[in-house]
Amino acid sequence: MDKIIVNDNKRDISFDFMKGLAMILVLVGHIMQRYICNYNQLPLFNLIWALQIPIFMFVSGFFCSKPISNKPFVDVGKLFISYMLPFFSFLYLVKVLCLHNFDGSFFDATVYTLNNLETSLWFLFVLFFLQVIGKCSVKVFKKSQKKVRSLVLFCIYWGLGLLPFAIIGVVFGMTFIGAKFVLYYSLFFAFGQIMRRFFAEATRIYNKYAVAIQIMLLVGFCIPIVTTNMFLSPDNMLGVAIRLLTGVTGCLLVLILCKIWNDENRLKIIIANHIGRYTLEIYAAHMLFYVQLPAQQWGTFDAVFTVLIAGGYMFLLTALYIIVFRNISVTDLVLFGHYEAVVKRL
C-alpha cells in the first residue's frame with residue numbers, strides 16, 4: 001500500500017470520508033434490522049455492528065483537540081446546544097408530540113428514556129459527555145511537552161471524568177443515563193484524541209513497517225469477526241475485550257484505507273462532502289423516518305428488494321428534511337443544534 005502523508009495545511013477529507021462510510025453502515029444496519037429475519041446472524045451485520053459507532057467515536061475524539069477555555073460554562077453550554085438540544089427535541093417534539101409515544105406524557109418519556117437511552121438519539125446524549133470530558137482532558141497535551149507525562153495525566157483526567165458514570169452504573173444500573181455507553185465508547189473517543197496527539201509519530205512508524213502493521217491489524221480484526229457474534233456478545237470482561245479489540249483494529253484499518261485512497265477520487269469526495277460532513281444531521285433526521293417504517297421481516301434473499309426501496313425512501317426523505325430545516329434558523333437550532341445563525345441574528 002502507499003505511504004500515509006500528513007498534511008496540516010488543508011482539511012483532510014479522509015476523516016469526513018470515514019464518517020461518511022460509518023453513516024452508510026448505520027443506515028444499512030437499521031434497514032437490515034427492520035426487514036431481514038435473523039439479521040444479527042449475518043456476516044454483513046456483524047461487520048456493521050463492529051465498526052459503525054467505534055468509527056464515529058474515534059473520529060469525534062480525533063477532532064476534539066481544542067481544550068476547555070477559561071469560560072467553561074460557555075463552552076459546555078455550546079456543547080449542550082449542539083448535542084443535547086437535538087436529543088431532547090427528538091424525544092419531546094417528535095416521539096411524544098408528533099408520534100404520540102408514551103401516551104403523550106413528557107414525564108413517562110423522560111423516565112423511560114433515561115433508563116433506556118438506546119430508544120432515542122443516545123449517540124448525541126453520550127457524545128455530549130464525552131466531548132466535555134475530552135475537552136478537559138486534552139488540556140494536558142497543550143500544557144505539557146513531555147509525551148509520557150502528558151499521556152499519564154491525560155488518562156488520569158479521563159478516569160476522573162468517567163468515575164461518576166461508573167458510580168451511577170453500580171448504584172442505579174449500567175443502563176441509567178447510558179452509563180455503559182459512556183464508559184465503553186470513551187475508550188474509542190480517548191483513543192482518537194491520543195492518535196491526534198501522536199499522529200505524526202504513528203504515521204512514521206506505519207510508513208516504516210506498513211506491511212507488518214497491516215497484517216497484525218487484519219488478524220486482530222478478522223479473527224473476532226469470524227468467530228464472534230458482536231451483537232449477541234455478552235457484556236462481561238471477555239465480551240467487552242473482544243469488541244474493543246475488533247473496534248480498535250477496525251478503526252485503524254478503515255483509517256489506513258481512507259488515508260491512502262486518492263483524495264481526488266470522485267466517490268471519496270462525494271461521500272466526504274455530502275455525507276461525512278453532515279453525519280450528526282443525518283443521524284438525527286433519519287431516525288424520524290426509520291421509526292415510521294413498517295416492521296416486516298423477510299428472508300435474506302426476499303428482503304433485498306425491500307431493503308433497497310426502504311433505504312432509498314429513507315435516504316431521500318432524510319436529505320429533503322435536512323435541506324428544508326437547515327435553511328430555517330430556528331429549526332436548524334432546535335433540530336440540529338446549530339446556534340450560529342441565531343446568534344448572528346441576535
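**Entry 1: Thr 113**

I looked up the contacts of Thr 113 and, leaving aside neighbours within four places in sequence, found Phe 87, Leu 91, Phe 102, Thr 119 and Ser 120. Contact here means heavy atoms within 4.5 Å. The model is predicted, so local features need pLDDT of at least 70 and side-chain atom pairs count only at pLDDT 80 or more, while totals for chains, interfaces and linings use all residues. Residues are numbered from 1 along each chain as its sequence is written, and side-chain values use heavy atoms, with hydrogens and water left out.

I placed Thr 113 in helix 4, residues 106-115. Helices (H or I, at least four residues) and strands (E, at least two) are DSSP runs, numbered from the N terminus. Is Thr 113 buried or exposed? I find Thr 113 buried, at a relative accessible area of 3%. The classes are buried under 20% relative accessible area, exposed over 50% and partly exposed in between, with a 1.4 Å probe and protein chains only.

**Entry 2: helix 2 and helix 5**

I looked up how helix 2 (residues 43-62) packs on helix 5 (residues 122-137): the angle is about 30° and the axes are 11 Å apart. Axes are lines fitted to C-alpha atoms, for helices over the stretch in contact, and angles run from 0 to 180 degrees between N-to-C directions. That angle makes helix 2 roughly parallel to helix 5 (under 35 degrees; over 145 is roughly antiparallel, 65 to 115 roughly perpendicular, the rest oblique).

From helix 2, I list Ile 53, Phe 56, Met 57 and Ser 60 in the contact; helix 5 brings Trp 122, Phe 123, Val 126, Leu 127, Leu 130 and Gln 131. By class I get 8 nonpolar, 2 polar and no charged residues. Nonpolar covers Ala, Val, Leu, Ile, Met, Phe, Trp, Tyr, Cys and Pro; charged covers Asp, Glu, Lys and Arg; the others, Gly among them, are polar.

**Entry 3: helix 15**

I checked helix 15 (residues 329-336) for burial: 6 of its 8 residues are buried. They are Ser 329, Thr 331, Asp 332, Leu 333, Leu 335 and Phe 336. Gly 337 follows helix 15, and its phi is positive, near 75°.

**Entry 4: the chain**

I noted 16 helices and 0 strands in the protein chain. Of its 346 residues, 47% are buried. The C-alpha atoms fill a box of roughly 55 × 55 × 45 Å along the principal axes. Among contacts between residues at least 6 apart in sequence, 76% join residues at least 24 apart.
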